[in-house]
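Q: Hi! Could you walk me through this one? I'd like to start with how the chains meet.
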Amino acid sequence: MSELQASSLAPLVRKLQNWSHLDDAEQRAVLDLPHKQSSVERGSYLLREGDQPRTSCVILSGFSYRQKCVPDGGMQILSVHMKGDLIDLETCLLGTADHSVQALTQMTVAQISSEAMMRLIADYPKVGMALWLDTLVDSSIFREWIVNVGRRSARERIAHLLCEFAVRLEQADLGDKCDYELPMTQDQLADCTGLTSVHVNRTLQGLDADNLIVRNKRSVKVPDWHMLADVGGFQSQYLNPFQKGIFERTSSSPAS
Amino acid sequence: MLAKESFEISLPEMQRYFFRLVDDQSALDDPDGSELLDANAARARALLEARSIMKAQVDEGCLCLGCRIEVDNEEGERVATILFKEALEISGF
């Protein structure tokens, strides 16, 4: 296993293992994907709307976000991504990017060609299934974000976002859900939640005043997880819907 | 293809402005600030911020027309002050 962890694509295997058990050969196939590693500066574009990329990117370190801009210059951040996430798997199939992806922090990414991804999926159906499940979890996250901007109050939106980010960090082994670093400015939180920067500041201060969070610069501590989750109407099930092994139950070749 | 040049960014030179929310009793400092083109853009942003906070206050059932947004540049100079009561036209009363 240490050999697997040493490979630069180990974060991808780790992520896919959240959704389904991959045997040694399947893990090896992912790790052996030909790829090119790159550093990306904070703020740089990994993908622009309208691009026709021939690669998919796996995040090896750092954070990125998907966004769309409106003509007046306003930006909506659509999702935030972290270590192990595939940023643009869909472009393998869709061809043209319908949104942009920017680096939230300094990042390292591995670029994998669309052809290599398609071959992997054809040769290892269980890896293909894991990738599919990964996109389904992504769409569950999008649904929550739609509810956030459409129906939740500012306080609920921020509480929900803080809870979701915390659970995802913990899933990726990047932090403790009750004590973590939030790599986003107020402006970026505003773009995630459809609020403005001062409104985000005021909302965070309200959560702070009620001891639902304790902030120090980017550090967020959650004294009582259930209280914060209640405020945000947050239930983590959508982030790990396969924990009861649904894939194994429906697979024709159960995990060894 | 994720070309090398797509990693590069070219933006006009931006300035950082800080938006402080002030009411009768307290002030809420802005630790991050926002990067904007110039003082005019900062003033326009402050107007949006004021209206956004007023919207939230209306939702909460308590509008504070005595609040204001103060905008400072990175040197700490005040570049704009937006009074809530001047950020919207009120009619019908």
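A: Happy to. One term first: a salt bridge here is a side-chain nitrogen of Lys or Arg within 4 Å of a carboxyl oxygen of Asp or Glu. Please keep in mind that this is a predicted model.

Q: Good. How many salt bridges are there between chain A and chain B?
A: The count is three. In one of them, the side chains of A:Asp187 and B:Arg45 come together, with 3.4 Å from N to O.

Q: Which elements of chain A supply the side that touches chain B?
A: At least two residues each come from β1 (35-40), β2 (45-47), β3 (55-61), α8 (186-193) and α9 (197-209) of chain A. The largest share is from α9(A), with six residues. Sorted by class, that side of chain A holds 14 polar, six nonpolar and six charged residues.

Q: What about the contact totals for chain A and chain B?
A: On chain A, 26 residues are in contact with 24 residues of chain B. Together the two chains bury about 2000 Å², and 52% of that lies on carbon and sulfur atoms.

Q: Switching to α1 of chain B: how far apart are its end C-alpha atoms?
A: They are 31 Å apart. Helix α1(B) covers residues 39-60, so at 1.5 Å a residue its 22 residues should span 32 Å, and the two values agree.

Q: Which residues of α1(B) are buried?
A: Those are B:Ala42, B:Ala46, B:Glu49, B:Ala50, B:Ser52, B:Ile53, B:Met54, B:Ala56 and B:Gln57. For the spacing, remember that an α-helix has 3.6 residues a turn, so residues three or four places apart point the same way.

Q: And what do the buried residues of α1(B) pack against?
A: Within chain B, they pack against β1 (15-22), β3 (34-36), β4 (68-73) and β5 (78-83), and from chain A they meet α9.

Q: What caps the N-terminal end of α1(B)?
A: B:Asp38 does, with a side-chain oxygen 3.1 Å from the backbone nitrogen of B:Asn40. Just after the helix, B:Gly61 has a positive phi of about 85°.

Q: Last one, on A:Gln188: buried or exposed?
A: A:Gln188, in helix α8 of chain A, has a relative accessible area of 14%, so it is buried, the cut-off being under 20%. Leaving out residues up to four places away in sequence, A:Gln188 touches A:Tyr65, A:Ile77, A:Leu104 and A:Pro183.

Key. Residues numbered from 1 in each chain as written. Chains lettered and ligands numbered in written order. Predicted model: local features only at pLDDT ≥ 70, side-chain atom pairs only at ≥ 80, totals over all residues. Heavy atoms only, no water. Contact = heavy atoms within 4.5 Å. Buried area = accessible area lost by both parts, 1.4 Å probe. Helix = DSSP H or I, 4+ residues; strand = E, 2+ residues; numbered from the N terminus. Nonpolar A, V, L, I, M, F, W, Y, C, P; charged D, E, K, R; others polar. Expected span 1.5 Å × (residues − 1). Buried < 20%, exposed > 50% of the residue type's maximum accessible area, 1.4 Å probe, protein only. Polar contact = N/O pair within 3.5 Å; in protein donor to acceptor, adjacent residues only side chain to side chain.
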